[in-house]
Amino acid sequence: MALQAPTVPLRKRGAAPGRSAASGTGGRTAAIFLVPFFAVFAIAMVAPVIYSIVLSFYAQQKSGLGFGEAKTVFVGLENYFQVLASESFVSGIARLGLYCLIYIPVMVGSAVVFALLLDATVARARKLFQLLVFLPHAVPGVIAALIWAYLYTPGISPLVQALQGGGIQINFLDAHLVLPAIVNIGVWEWTGYNVIILFTALQAVPREILEAARVDGANEIRTALSIKFPLILPALGVIMLFTIIGTLQLFTEPSIIAKATPSITSTWVPNLWAYDAAFIRHNLNQAAAASIIIAGLAAILSLVVTRFSSRMNKP
Amino acid sequence: MKRRNLLMGAASLATSALLLAACGTGPTPSAVPTPTEDPSGTITFWSALAGMDKVAAAFNASQSKIKVTFETIPNADSGGYAKLSTAITAGNGPDVSTIEYPQLPQFVSNGQVQPLDGLIDKSATVDKLAGEIRGMVQFGDKTYGLPYDAAPMVMYYRQDMLAKAGVEVPKTWQEFEAAARKLKAVAPNAYLASFNPNQVPATAALAWQAGAKWFGTSGDSWKVGVNDDATKKVAGYWQKLIDDKLVKVTQAYSDEWSLDLANGTVVGVIGANWSATGIQKRTEASGQKGQWIAAEMPNWGTPAGAFYGGSSFNVTKSSKNPAAAAKFIEFLTTDEEAIKARGNTGSAFLAFPGLTPVAQQAYDASYFGNDIYAVFNKAYTTVSPDWQWGPSWDLTNTALKDAYGNLSTGGTVLEAVNTAQAATVAGLKQNGLSVKE
């Protein structure tokens, strides 16, 4: 404290003349503020991406029985071809597509409904509901997956037992139901988070517009659908973007549930495929190629979503 | 494409010639410290085996030159090998690693472990081992680790349930099937055993016992036979048991599996010496003390066994003090004190002659209804010696495990081994290895 005290006025004094020439030093000041971000960005994002790209163009080639030093050879796009030709990778993408088809409408749909309901309820209950709806998101993904693995396992789960008591024989972990079962974990985890985003957007809707609607005779449902919903479309666009990128990263839930069922293979989704390539098959080069493909896919989808939502928001 | 294959073939020929030449002249002896030297320093030791911290502490207390720092790592199913392999590649792996026999050739092939030749006193260690266990750590005249345990595959049964079904302990697989049917007749909800899709080493051991050879070498090529005739026989047999609901398909060590043992849904376990602790832990609370017995595996007509699990200790590529690491490994695998220090952490069955009685003393086997060590000893003598693990076990393991995922939707064990065979061959070829089917 004692040391810092004199420096404060000093800095103030130094800054005062600079302000008059703000336009001249603005670039430099901005640069100073931006350096930390770009430094971290370069080290933690750009460098690994470049390294992965480089890695993806090489391969470790062994020969004979393989008990010798492996050679690193340049193979161009061969790794990419191998990844895309791999049946397990392609079916992983298809599975992910199916996951999105179920997950996104259910999750985003229920987030919209919850947010609109929250916005329409009275102020005191609102706080409580907000908390309740957000609570699942406060549970870390791994823990959530473990909890659900317990709830899905036949013979242990009180849920399955209760259903059996009611005459319903169901195994959430068999090959047919395991995908919806994992969708359910995602919905459980993420709906609340997105409700909060949408709810915040709803709070920003000008109250006079809502009042005008009410004066014009619109009931709550009509107001929600015709006034509030169109006004939160930009927020919905953001949610779609995050959700799609997040979905491509699907890894934690299937890898945990895999311990409870053989229905989830080690290459169930593309991220698991990349993990398997890197740490089980010890083929870092192929894993790098797979990761780049996943990143490329995320980039394309993000572009599509932003284009689509900005076009929707214009009129 | 054709030209590339040709080139690759030529390259592989050239390197194998180099390899052969290297073998002929032997390793450069000057660089390798001789075992008579007195190594010192600090080394690190990674293991997923319970009680190894106590062994490291005992070693530290027994001498003052080498200090071992122990770290527990996750087991194979929880990513232990991924951690080990990545750490060694990154140069910050431990000095001493614990690697199971199926995985060892892969680590050797990736150059991640060092040969122990010149570091250990061979006449006092490897030369004293039985041939079939020595084969697990020796590749191309070099020794890449010292075996810790030699885990003979055995069966565990609830003797009260066998009695209830009116059957003796099955001696052959035919009797096993008959016993399973009789059990079903008296206890419709009970299964004689479970089939575990996540325990590919168990499938391997069952195939091994039936005379299969999943991996072998012929000249400079690997021969892969994950779906050889013996394995097909085993696959067909288990498929029949699964189809007739005589065994239950569950993931081993899952909550469901534990519950099945505890509540008597499953009354037999395909295991090895190390399974005893797990069975006791899961069934003790439900009053099954004295009911579980160990028995030799049923066989196909003549007594035959296999190893199911077992670990070796190795000096990793990233070790900066291989001499000290080797000294510690000698202690781990051959010294009675190492076994005593581990205490009662499992029904160990050790590779080095004379150590198993020490482990037996430390282990309290009173939970079981028969002398399980006598069964281990017998099972150990029947292990077929002609088995070899392949250069990329994870490849086969994952492929078979994944293919077993289809068992619940109409897939068969036979389809699974065929898939695993294709995946193994394709994977090895992709790494540039020479493979003959």
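How many residues of chain A are in contact with how many residues of chain B? Keep in mind that this is a predicted model. Select the two sides of the contact: you'll get 29 residues from chain A and 41 from chain B. On the chain A side, go to helix 13 (residues 270-280), which gives the most to that surface, with three residues. Colour that side by class and you'll see 10 nonpolar, 13 polar and six charged residues.

Next, hop over to chain B and pick the largest nonpolar core, with 135 residues. Click B:V154, B:F328 and B:L350, the ones with the most contacts inside this core. Then highlight helix 12 (residues 322-334) of chain B, which gives the most to the core, with eight residues. Now colour chain B by domain: domain 1 (2-149 + 310-353) and domain 2 (153-306 + 386-436) both give residues to the core, so it lies between them.

Last stop: B:K213, in the loop between helix 8 (200-209) and strand 10 (215-218) of chain B. Leaving out residues up to four places away in sequence, B:K213 touches B:G225, B:D228, B:D386 and B:W387. For a distance check, draw a line from B:K213 to B:T316: 28 Å, C-alpha to C-alpha, with the two 103 residues apart in sequence.

Key:
Residues are numbered from 1 along each chain as its sequence is written. Chains are lettered from A and ligands numbered from 1 in the order in which they are written. This is a predicted model: local features need pLDDT of at least 70, side-chain atom pairs count only at pLDDT 80 or more; totals for chains, interfaces and linings use all residues. Two residues are in contact if their C-beta atoms, placed from the backbone, lie within 7 Å. Helices (H or I, at least four residues) and strands (E, at least two) are DSSP runs, numbered from the N terminus. Ala, Val, Leu, Ile, Met, Phe, Trp, Tyr, Cys and Pro count as nonpolar, Asp, Glu, Lys and Arg as charged, and the others, Gly among them, as polar. A nonpolar core is a set of buried Ala, Val, Leu, Ile, Met, Phe, Trp, Tyr and Cys residues joined through C-beta atoms within 7 Å. A residue is buried if 20 or more other C-beta atoms lie within 10 Å of its own, exposed if 12 or fewer, and partly exposed in between; C-beta atoms are placed from the backbone. Domain bounds come from an automatic or database domain assignment.
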